[in-house]
Amino acid sequence: MSNAGHFRCIKNIYVYCVIDSVDDLCVKDDIHTYLLLNGLKALLKLDTGAKCNVMSLTSLQGITGQQKLDKSRKVKLVGFGDHIVTSVGVAALDCQHNNQKHMLELHIVNWNVRTFLGLKDCLHPGLINLSEDVHELTTQPTATDSANQK
């Protein structure tokens, strides 16, 4: 059982949270799921506010060993609080959920981050389902948008 939210002093070290298991580390305000990535079980945060999937280089190496990165696809990622991190490339991993397989692209960063899925891949394998009252908006220009700009 977690004792989160209360400071305790143990030999001049202030402890904010004592956990009984690694699963207690998951903040209850976040949503997570387990997926098979390249055949290994991995815990991923479902981040519906993110535009892409992100994984740390250390996590990638733990899953794949020496996974080849597409270094030509480096991008600057702007996180919550406007923190900017430049990715080291993109990795494509085999992903399996409920016996459905697909290729998952993740931006790899040389930074200690929890692996997370952006909105598109939260919806793709059916991890999150939207109510019929929710409508998808696209950021891709439509033919109408292009015609209106002329």
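1. Asp82 is exposed, with a relative accessible area of 62%, where exposed means over 50% relative accessible area, buried under 20% and partly exposed in between, taken with a 1.4 Å probe and protein chains only. The residue sits in the loop between β6 and β7 (84–86), and Asp82 has a positive phi of about 60° although it is not a glycine. Most residues other than glycine have a negative phi.

2. On provenance, this is a predicted model, in which local features need pLDDT of at least 70 and side-chain atom pairs count only at pLDDT 80 or more, whereas totals for chains, interfaces and linings use all residues. Residues are numbered from 1 along each chain as its sequence is written, and side-chain values use heavy atoms, with hydrogens and water left out.

3. A second residue with this kind of backbone angle is Asn38, which has a positive phi of about 50° although it is not a glycine. Asn38 belongs to the loop between β3 and β4, and with a relative accessible area of 31% it is partly exposed.

4. As to overall architecture, the protein chain contains three helices and 10 strands; helices (H or I, at least four residues) and strands (E, at least two) are DSSP runs, numbered from the N terminus. Along the sequence the elements follow the pattern β-β-β-β-β-α-β-β-β-β-β-α-α. Of the 150 residues of the protein chain, 25% count as buried, and the accessible surface comes to about 11,200 Å², of which 52% belongs to carbon and sulfur atoms, the areas coming from the Shrake-Rupley method with a 1.4 Å probe and, for residues, with only the protein chains shown counting as cover. Among contacts (heavy atoms within 4.5 Å) with a separation of 6 or more, residues 24 or more positions apart account for 46%.

5. How many salt bridges does the count come to? The count comes to three, a salt bridge being a side-chain nitrogen of Lys or Arg within 4 Å of a carboxyl oxygen of Asp or Glu. In one of them, the side chains of Asp30 and Lys45 meet with an N to O distance of 3.7 Å. This pair links distant parts of the chain, with Asp30 in the loop between β2 (13–15) and β3 (32–37) and Lys45 in strand β4 (residues 40–46), 15 residues apart. Asp30, at 22% relative accessibility, counts as partly exposed.

6. Asp30 also forms a salt bridge with the side chain of Arg114, at 3.3 Å, N to O. Here too distant parts of the chain are linked, since Arg114 lies in the loop between β9 (100–109) and β10 (116–117) and Asp30 in the loop between β2 and β3, 84 residues apart. Arg114 counts as partly exposed at 39% relative accessibility.

7. Glu105 forms a salt bridge with Arg73, and the closest N and O atoms are 3.0 Å apart. The pair links distant parts of the chain, Glu105 in strand β9 and Arg73 in the loop between α1 (57–64) and β6 (76–78), 32 residues apart. Glu105 is partly exposed, with a relative accessible area of 40%, and Arg73 is partly exposed as well, at 32%. Salt bridges that share partners join Asp30, Lys45 and Arg114 into one network.

8. Which residues touch the most other members of the largest nonpolar core? Leu37, Met55 and Leu117 do so, in a core of 18 residues; a nonpolar core is a set of buried Ala, Val, Leu, Ile, Met, Phe, Trp, Tyr and Cys residues joined through side-chain atoms within 4.5 Å. At least two residues of this core come from each of β3, β4, α1, β8 (89–97) and β9. Apart from this core lies another, of six residues, among them Ala50, Leu77, Val85 and Val109. Not counting residues up to four places away in sequence, Leu37 touches Ala42, Leu44, Met55, Ile63, Leu93, Asp94, Cys95 and Leu104.

9. His107 lies in strand β9 and is buried, with a relative accessible area of 15%. Leaving aside neighbours within four places in sequence, His107 is in contact with residues including Cys52, Met55, Arg73, Leu77 and Val90.

10. Gln96, in strand β8, is partly exposed, with a relative accessible area of 24%. Gln96 and Leu35 are 61 residues apart in sequence and 6.1 Å apart in space, C-alpha to C-alpha. Not counting residues up to four places away in sequence, Gln96 touches Leu35, Leu36 and Lys101.
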